[in-house]
Amino acid sequence: MNLEPVITTIETHLDAQLRLVGDPAVAEAGRLVGEALRPALREAALALARQATDEVAAQLPGRSVDVVLDGDDPTIRIGDAAGTGPVDADLDARITLRLPTALKELIEGAASSEGDSVNAWIVKSLNTNATGTTGPSRVRGTYEL
């Protein structure tokens, strides 16, 4: 969830209301208040993402639903609740793999978009295919105020 457009919209509306007052000192004070509210707005958005996660989790039995931060922005991640244990548990086997550069770049992009290391993503993918379980999926969307 990209929070920047939402925060910018709130600041724009606040600025428009303050311009109606007609006093530049009040407008400047309002602008400073808007800047001071940025962290609180991000925290409120994170709280809303957590509430949405709870709602989605209640409707998806057998799935884990988490909020993870992608930089400063929350992302809702949905995965298999049964799981197979931590991805980094008992990692003592090693395979050397040669890949085409394009495939390596695709794997790196997929791992990054799911918030995983390349190794963790590959282990999850191989486990999913080897055991026939469904891997994690991602819910994406936009919202407007």
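Visitor: What makes Ile95, Leu97, Leu99, Leu103 and Leu106 a nonpolar surface patch?

Guide: In this predicted model, these five residues make a nonpolar patch of about 520 Å². A patch takes residues with over 30% relative accessible area and no salt bridge; nonpolar side chains (Val, Leu, Ile, Met, Phe, Trp, Tyr) are joined within 5 Å, like charges within 9 Å. Areas come from the Shrake-Rupley method with a 1.4 Å probe, and for residues only the protein chains shown count as cover.

Visitor: How do you know whether Leu106 is buried or exposed?

Guide: Buried means under 20% relative accessible area, exposed means over 50%, and partly exposed lies in between (1.4 Å probe, protein chains only). Leu106 has 62%, so Leu106 is exposed. Its place is in helix H3, residues 101–113.

Visitor: Which ground rules apply to the model?

Guide: Residues are numbered from 1 along each chain as its sequence is written, and side-chain values use heavy atoms, without hydrogens and water. Because the model is predicted, local features need pLDDT of at least 70 and side-chain atom pairs count only at pLDDT 80 or more, while totals for chains, interfaces and linings use all residues.

Visitor: What is called a helix here, and how many are there?

Guide: Helices are DSSP runs of H or I with at least four residues, strands are runs of E with at least two, and both are numbered from the N terminus. The protein has 4 helices and 3 strands. Along the sequence they follow the pattern α-α-β-β-α-α-β.

Visitor: Why are the buried residues of H4 said to line one face?

Guide: Ala120, Trp121 and Thr128 are buried in H4. Seen down the helix axis, the buried residues fall within an arc of 100 degrees, so they line one face. The arc is that of the directions from the helix axis to the C-beta atoms. On the other side of H4, Leu126, Asn129 and Ala130 are exposed.

Visitor: What covers the buried residues of H4?

Guide: The cover includes H3. Ala111 has its place in H3. Leaving aside neighbours within four places in sequence, Ala111 is in contact with Asp116, Ser117, Val118 and Trp121. Contact means heavy atoms within 4.5 Å. The C-alpha atoms of Ala111 and Trp121 are separated by 5.4 Å, though the two residues are 10 apart along the chain.

Visitor: Why is Ala111 called buried?

Guide: Its relative accessibility is 1%. The limit is under 20%, so Ala111 counts as buried. Of the 145 residues of the protein, 17% count as buried.

Visitor: What makes Glu11 and Arg38 a salt bridge?

Guide: A salt bridge needs a side-chain nitrogen of Lys or Arg within 4 Å of a carboxyl oxygen of Asp or Glu. For Glu11 and Arg38, N to O is 2.9 Å, so the pair meets the definition. The pair links distant parts of the chain: Glu11 is in helix H1 (residues 4–21), Arg38 is in helix H2 (residues 24–59), and they are 27 residues apart. Glu11, at 24% relative accessibility, counts as partly exposed. Arg38 has 22% and also counts as partly exposed.

Visitor: Why are Arg19 and Asp15 said to be about one helical turn apart?

Guide: They are 4 residues apart in helix H1, so about one helical turn separates them. Arg19 is exposed at 55%, and Asp15 is partly exposed at 33%.

Visitor: Is Asp116 buried or exposed, and how do you know?

Guide: Asp116 has 16% relative accessibility, so Asp116 counts as buried. Lys124 forms a salt bridge with Asp116, with the closest N and O atoms 2.9 Å apart. Lys124 has 24% and counts as partly exposed. The structure holds 8 salt bridges.
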